[in-house]
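The structure is shown first.

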Amino acid sequence: MTSSPTSTSTAPPAPEADPARLAAARKAVISSSIGAALEWFDIIVYASFAVVIAKNFFPAGDAGLGLILTFATFTITYLVRPLGGLLIGGYGDRHGRKKALTLTLMLMMAGTLLMAAAPTHATVGVWAGVIILVSRLIQGFSAGAEFGTATTFLIETAPHRKAYYASWQVASQGVSMFLASAFGYVLFTYLPEDDLYAWGWRLPFVVGVLVGPVGLYIRARLSETEEFSEGPRERAPVRATLTRHLGRVLAGAASVGVATISVYLILYMPTFAVESLGVPADAAYLGGVVAGLVVLAGVPFVGRLADRVGPVRVMTWTAVAALLLAWPLFKVLTSSPTVPVLVLVVAVLGVVMAFYFAPLPALLTSLYPGEVRNTAVSAAYNTGVTLLGGIAPLVLTWLIDRTGSLDSPSLYYMGVAVVSLVGLGFARRWEGVR
C-alpha cells in the first residue's frame, strides 16, 4: 500500500483561520477539556484512593485480596468502554457531535454522583460492592465515547494546527491528575485517618459532580461542526467501522498503548508506593502532582511539534524511549524507595505520557473518514485503553502479589511499548489516507 506523508489533517486543506473560527475552536477546547477533565478526575481519584475504597467496600482478611477486588471492579468497567464507544460514537456519526457530547457528560455526572453517595460495606453489606460496580459501569460506558467524540469535535472545529488544538483535552488530563493527586496529598496529610475513611474520601467525587453542570452549560451553547453538517452520512457507522475500517481500528488501538499504560502506571504509583515500598501515603501523591503539572505544561508544546513533524514521528521516538527507560526507572525506584526518587520516576513517566499522548488524537482522527470518524476513533481508543491500560492496575497488583518481584511493572510497560511500535508502523501507512 502506498505510504502517505505524515499529515495531521483530517479533511481537505483547512480554511483560513478567521476570528469566528478561532473563537469556535477556543470554545470547543474549553468544552472538550471540561469533559475530559471530569472523566479522568473520577478515574484518577478512584485509583488514587484504592486503599481506602478497598477497606470501605471490599473488606477482607487479606489486604492484597481487597485491593485486587477494588481494581477488578476498576477493570470490569473497561469492558463496557468499547461498547459505549461504538453505540454513542455511532449516535454521534448519525445525529451530531454536539448531541453525543451532551449525552456522555450527563452519564459521567450520574456515575460520579452514585460513587459519591454510595453506602459502604458496613451499611449494606455486599451490596456496597454492587453499587460501586454499577457506578463504574455507567462511568465506563460514558467514557467510552467521551474521548472519541471530543477529539472528533475538536479536529473538525479547528481551522488549523489540528494536533495542537486536539492536544488540549490531553492537557486537561494533567489538570485532573494534579487535582486528584493534590486531594490525595491533602486528605492523607491533614485529615485524621478515621475521618478520611468515614467521609473524607468522598470529597473529590462531590467536587466532580459539581463541575458537571458547568460543562453541560458550555456544551449546550456549542454549534455543530461544519464538516458533520455538510458532509456525507453513513447509515450504519458501527457496521462500517467493524468491516471496512477494521484494520485501521486495530492499528489505532495498538497505537494507544504507551499513552494509556503511562497514565495508569502513574495512577498505580500511590498504591504501589504505599503497599509495596513503604512510602508514606501522603508523600506518594506528590509524584502525581508533579506528573500532572508536567503534562499540563508540556502537552500543548508537543501538539505544536506534532503539527510540524507529524504525530507518528513524535510517538515513535517516544515509544522507543519508553522501552529503554522502563527497566532502569523501576530498578532505581525499588533499590532506593525514597520520596525524591518516587517523584522523579513519576515525573519521567509524565514526560513520556505528554510526548506520546499529545499527538494521539490527531493521529487517530487522521485514520478515518468523517462519516465514521466518531465511531472509529472511539472504538480504536477504547479497545487500546481496555486491553493495554485499563487492566494494568489489576495485572500489576496480581503480578507483584504472585511473583513478589517489584520490578514486574517495568516488564509490562516494555511489552506495551512494543505493541505500540507495531501499531504505529501500520498507522503510518494509513495516516491521512481516506
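## Salt bridges

A search of the whole structure finds six salt bridges, a salt bridge being a side-chain nitrogen of Lys or Arg within 4 Å of a carboxyl oxygen of Asp or Glu. The model is predicted: local features need pLDDT of at least 70 and side-chain atom pairs count only at pLDDT 80 or more, while totals for chains, interfaces and linings use all residues. Residues are numbered from 1 along each chain as its sequence is written, and side-chain values use heavy atoms, with hydrogens and water left out.

R97 pairs with E156, and the closest N and O atoms are 2.7 Å apart. This pair links distant parts of the chain, with R97 in helix α5 (residues 97–117) and E156 in helix α7 (residues 127–157), 59 residues apart. Helices (H or I, at least four residues) are DSSP runs numbered from the N terminus. Both R97 and E156 are buried, where buried means under 20% relative accessible area, exposed over 50% and partly exposed in between (1.4 Å probe, protein chains only).

E156 also forms a salt bridge with R373, at 2.8 Å between the closest N and O atoms. Because R373 lies in helix α20 (residues 373–390) and E156 in helix α7, the pair ties together parts that are 217 residues apart in sequence. R373 is buried, as is E156.

## A loop-to-loop pair and the network

E234 and R244 meet through their side chains in a salt bridge of 2.9 Å, N to O. E234 is in the loop between α11 (226–230) and α12 (237–243), and R244 is in the loop between α12 and α13 (246–255), 10 residues apart. E234 has 18% relative accessibility and so counts as buried; R244, at 55%, counts as exposed.

Salt bridges that share partners join D93, R97, E156, E227 and R373 into one network.

## Nonpolar cores

The largest nonpolar core has 99 residues, of which F49, Y264, M269, F357, Y381 and Y413 touch the most other members. Helix α14 (residues 257–275) gives the most to this core, with 12 residues. A nonpolar core is a set of buried Ala, Val, Leu, Ile, Met, Phe, Trp, Tyr and Cys residues joined through side-chain atoms within 4.5 Å. Leaving aside neighbours within four places in sequence, Y381 is in contact (heavy atoms within 4.5 Å) with W40, R81, F147, V256, F357, L360 and L364.

A second, separate core has 11 residues, including A28, L101, Y165 and L222.

## Helices α16 and α17

The axes of helix α16 (residues 286–309) and helix α17 (residues 311–335) come within 6 Å and cross at roughly 120°. Axes are lines fitted to C-alpha atoms, for helices over the stretch in contact, with angles running from 0 to 180 degrees between N-to-C directions. The two helices are therefore oblique to each other; angles under 35 degrees count as roughly parallel, over 145 as roughly antiparallel, 65 to 115 as roughly perpendicular and the rest as oblique.

V302, L305, A306 and V309 in α16 meet P311, R313 and V314 in α17. The residues of this contact divide into six nonpolar, no polar and one charged. Here Ala, Val, Leu, Ile, Met, Phe, Trp, Tyr, Cys and Pro count as nonpolar, Asp, Glu, Lys and Arg as charged, and the others, Gly among them, as polar.

## The W201 site

W201 is in the loop between α9 (193–198) and α10 (203–220). At 0% relative accessibility, W201 counts as buried. Apart from neighbours within four places in sequence, W201 is in contact with F49, V52, N56, F57, M115 and L196.
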